[in-house]
Amino acid sequence: MSDARIAAAAPQAIRREDYRQPDWLVPEIALDFDLDPAATRVRATLHVTRNGAHDRALVLNGDGLEAASVKVDGVAAQNWRMDGQDLVIPLTGDAHTIETEVVIAPERNTQLQGLYASSGMLCTQCEAEGFRRITFFPDRPDVLSKYKVRMTADKARFPVLLANGDPIAQGPAEGGRHWAEWHDPFPKPSYLFALVAGDLVANTGSFTTMSGREVQLGIYVRAPDLPKTDHALHALKLSMKWDEDVYGREYDLDVFNIVAVDDFNFGAMENKGLNVFNSRYILADPDTATDWDYDAIAAVVAHEYFHNWSGNRVTCRDWFQLSLKEGFTVFRDQSFSADQGSAAVKRIEDVRSLRASQFPEDAGPLAHPVRPDEYIEISNFYTATIYNKGAELIRMMATILGPQKFRAATDLYFDRFDGTAATCEDFVASMEEAGGVDLGQFRRWYSQAGTPRVSANLVQDGATTRLALAQTVPPTPGQPVKEPMVLPLKIRLFGEKSGAPLTDEQLVLLDKPEQELRFEGLPERAVLSINRGFSAPVIVDANRSAADLAFLSAHDDDPFARYEAMQQLMLDTLVAAVTTGKGEHGALIDAVRNTLTDPSLDRAFIAEAVLLPSDSFIGDQMAVVDPDAIFRAREALRADLGNLLEPEWRAAYEGARANRFEYSPAAKGARRLKNVALGYIAASGAADAAELAYAQFDAADNMTDRQGGLATLVNGTSSLREKAIQAFYQRYAGNALVLDKWFQTQALSSRDDTLAAVEKLARHPDFTLANPNRARALVGAFSINQRAFHDPSGRGYRFVADQLIALDKLNPQTAAKLVPPLGRWKRFDADRAAKMRGELERIVASPGLSKDMFEQATKSLD
Ligand code: PHE
Ligand code: ZN
């Protein structure tokens with residue numbers, strides 16, 4: 001294909017600077033659905049009003065729709081036309097009633113956007129631009145409407161009919177059908193519209209709000225899943241209370257419903273009064289859900305609930321402002337989770353996931369600012385940068401303002417922008433005004449991509465100690481030159497001899513390329529603790545010795561900094577081992593032993609602290625990633641740690657053996673440490689390790705222990721391995737969420753035959769690309785398996801590309817999300833890089849490529 005033809009076929013980029021107010025507003029809409037999986041008739045009545053003085057026609061977005069009829073003010077219109085997918089209607093007055101009718105086929109909707117069928121039910125997903133696949137509408141978040149919804153459906157197949165807002169009326173209809181009407185009194189953008197029809201049962205409850213209103217709560221699932229909904233319902237009540245206590249935000253409708261669906265592109269969706277969830281973030285019981293699942297369910301339930309204020313009551317003006325709702329809401333759910341258990345462990349987990357997903361994104365071809373300047377397909381911008389880095393920005397502002405002013409600022413923001421579609425700038429301006437601070441330079445966090453790097457050098461010279469700080473922000477695509485950022489760094493000095501703090505903790509705002517701090521008359525040699533609590537999302541190079549890091553891992557009073565010191569010590573040790581082939585690890589072994597046996601530490605913290613950094617994070621520290629050398633060095637260190645500390649691991653394992661499942665921070669911590677210890681016992685090569693793992697697997701009364709035992713066996717060579725894989729499969733046959741774990745555990749195996757095993761699993765009768773969870777469990781997990789994916793043959797790359805090309809035909813949104821691992825080619829040796837590029841080129845050249853994949857793959861080639 002010639003360049004000119006590629007350019008002609010290339011989808012257009014949308015630019016933030018091109019934002020214009022909507023030409024027409026739609027204060028009210030009535031929707032009438034005649035639901036049927038094969039052919040659903042949608043009648044829409046829009047009350048439209050001209051916005052400002054202009055003579056432009058009404059443009060209603062559509063995607064795959066055909067207008068069966070168009071009426072203006074009750075009369076069949078003749079003068080409408082199609083402009084591509086959109087319906088264009090010239091109008092003479094300033095206010096009109098528009099009626100349209102379309103027929104759609106939910107059962108043929110494999111993209112899972114718009115109205116689709118999943119396990120016998122019908123449901124919708126509209127964010128970001130799915131509403132236009134249901135009916136013609138100005139499908140943009142700054143058009144807010146009051147919705148009235150009427151649904152008619154077969155009563156036997158779809159006994160439950162739900163939509164946003166409050167139920168108004170219901171009744172029988174002809175031919176075994178019935179109808180229901182729902183009204184949502186709160187104006188909302190189309191992306192928050194939802195309906196669900198299905199054969200569902202509800203776990204119900206109620207919540208009395210701070211002003212004494214009673215809200216009816218319902219978690220809707222298929223009947224067999226009902227026993228698995230208590231945890232989600234409980235989390236919902238905790239979230240409602242927490243948002244009142246911490247942000248003063250009360251729920252505003254009489255009902256709040258959640259529906260679990262099996263086929264879902266993301267985690268969950270915050271539709272007003274009717275959240276729709278991926279069933280993996282609702283369903284839990286001890287036999288099928290891990291502690292990770294339980295925690296994630298509570299976090300996602302909280303996240304979607306919190307959107308009722310940060311997203312729904314105050315929504316986004318345009319999709320470039322996506323982090324306005326997502327960054328803030330992630331920050332809110334992180335704070336909620338921190339308040340439910342160990343705040344330190346929660347912070348460690350959040351930083352680990354930021355480093356695993358956002359840092360590489362920020363350092364690669366898909367790097368973009370938290371408030372992007374352009375996109376081709378907005379679905380590609382539901383990223384770790386928008387969500388997790390966005391949350392770090394809110395956290396930094398909260399740190400700079402302090403808790404009281406931060407609360408005053410969020411109050412101001414909610415009050416001022418309630419009922420409107422706002423911008424990131426509106427949020428920052430509220431912080432500035434209520435906080436009494438100047439955030440002028442801080443705003444660069446919204447516009448500059450890339451992870452800032454800080455170097456910190458502590459030099460003690462007689463009575464004077466100097467801390468030299470310097471920052472740089474690396475170039476990113478489209479942004480070759482960067483300005484200095486405002487980096488809030490929490491700092492404290494500790495005495496090497498006494499182990500005691502030599503200073504108070506201080507918050508340093510590093511806002512210049514270089515800055516120096518002085519300390520006078522410190523009584524002994526000082527060790528630097530910096531970026532405590534991970535106060536800024538940056539990479540710190542503090543030039544500290546192994547002895548200093550070991551010291552901090554034992555003496556720092558900030559638990560995150562303690563964890564961080566150990567991580568840095570592990571990283572330094574591993575990077576030295578990878579690059580030189582050997583490494584001195586005496587300081588590390590002692591530090592791990594000390595942490596493991598420190599009676600003052602809780603088990604969840606110990607488990608996090610003694611875990612080695614992942615292969616991919618080690619690779620991120622290197623100029624050219626050598627996956628084989630990293631794997632060997634990490635395995636060798638794991639074996640040494642396992643061997644040298646075997647009695648300690650066994651003691652930790654025994655001490656953490658719980659005999660009855662309980663979901664509490666202490667019990668979770670015990671299981672976490674037990675499974676980490678099991679991994680080290682296996683790494684030591686101990687003869688009984690496989691029996692230990694199998695016994696745990698077999699006798700477990702909970703999924704955390706069962707999957708932990710399985711994972712250890714799956715990485716090993718014992719004959720018990722196959723037995724466990726089979727037993728697990730038999731036990732959970734028919735349970736889709738647990739079979740996902742079965743696929744995922746095998747795809748993540750560190751064995752050298754994993755590539756072949758995964759190719760085979762892709763042909764397993766239970767494997768399907770049609771279900772996003774299943775696709776991610778095998779293909780997504782495999783593509784982050786550094787050893788197998790990067791097999792020197794290039795077969796791992798080819799496997800993933802084949803799967804993505806096939807998946808793109810069904811579900812472009814989910815396929816496009818899986819491109820980034822192939823896009824990391826620049827980080828690898830020439831041979832691997834060429835093979836990865838080759839697969840990206842094959843993707844770009846495949847016929848009928850979606851714009852989702854086009855954007856991800858072409859940007860990844862640059
Ligand atoms: N807005 C949802 C959330 O974070 C995510 C989502 C985006 C879900 C797009 C579906 C489609 O909370
Ligand atoms: Zn969200």
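These legends describe close-up views of a predicted model.

**View 1. Domain layout of the chain.** The protein is divided into four parts: domain 1 spans 1-198, domain 2 spans 314-447, domain 3 spans 453-543 and domain 4 spans 732-862. The centres of domain 3 and domain 4, taken over C-alpha atoms, are separated by 40 Å.

**View 2. The residues around ligand 1.** The shell around ligand 1 consists of Gln125, Glu127, Asn265, Phe266, Ala268, Met269, Glu270, His303, Glu304, Glu326 and Tyr382. Two or more of these residues come from strand 20 (268-269), and two or more from helix 3 (291-306). Sorted by class, the shell holds four nonpolar, three polar and four charged residues.

**View 3. A cis peptide bond at Glu127.** The bond from glutamate 127 to alanine 128 is cis, and its omega is near -5°. Glutamate 127 is also one of the residues that surround ligand 1. Alanine 128 sits in the loop that runs between strand 11 (121-125) and strand 12 (145-154).

**View 4. The backbone at Ser119.** Serine 119 is not a glycine, yet its phi is positive, at about 45°. The residue is found in the loop between strand 10 (114-118) and strand 11.

View 5. In UniProt, an unreviewed entry places the feature "domain: Aminopeptidase N-like N-terminal" at residues 37-192. In the model this stretch is 52% strand and 0% helix, and 22 Å lie between its end C-alpha atoms.

View 6. An unreviewed UniProt entry gives residues 450-542 the annotation "domain: Peptidase M1 alanyl aminopeptidase Ig-like fold".

View 7. According to UniProt (unreviewed entry), the feature "domain: Peptidase M1 alanyl aminopeptidase C-terminal" lies at residues 547-861. The span is 70% helix and 0% strand, with 43 Å between its end C-alpha atoms.

**View 8. Packing of helix 10 and helix 12.** Helix 10 (residues 546-555) packs with helix 12 (residues 586-596) at an angle of about 0°, and the two axes are 10 Å apart. Helix 10 is therefore roughly parallel to helix 12. From helix 10, the contact takes in Ala546, Ala547, Ala550, Ser553 and Ala554. Helix 12 contributes Ala587, Asp590, Ala591, Asn594 and Thr595. By class, the contact has six nonpolar, three polar and one charged residues.

Key. Residues numbered from 1 in each chain as written. Chains lettered and ligands numbered in written order. Predicted model: local features only at pLDDT ≥ 70, side-chain atom pairs only at ≥ 80, totals over all residues. Near = placed C-beta within 6 Å. Helix = DSSP H or I, 4+ residues; strand = E, 2+ residues; numbered from the N terminus. Nonpolar A, V, L, I, M, F, W, Y, C, P; charged D, E, K, R; others polar. Axes fitted to C-alpha atoms, helices over the stretch in contact; angles between N-to-C directions. Parallel < 35°, antiparallel > 145°, perpendicular 65-115°, else oblique. Contact = placed C-beta atoms within 7 Å. Domains from an automatic or database assignment. UniProt positions renumbered as here; feature names shortened; annotations may be inferred.
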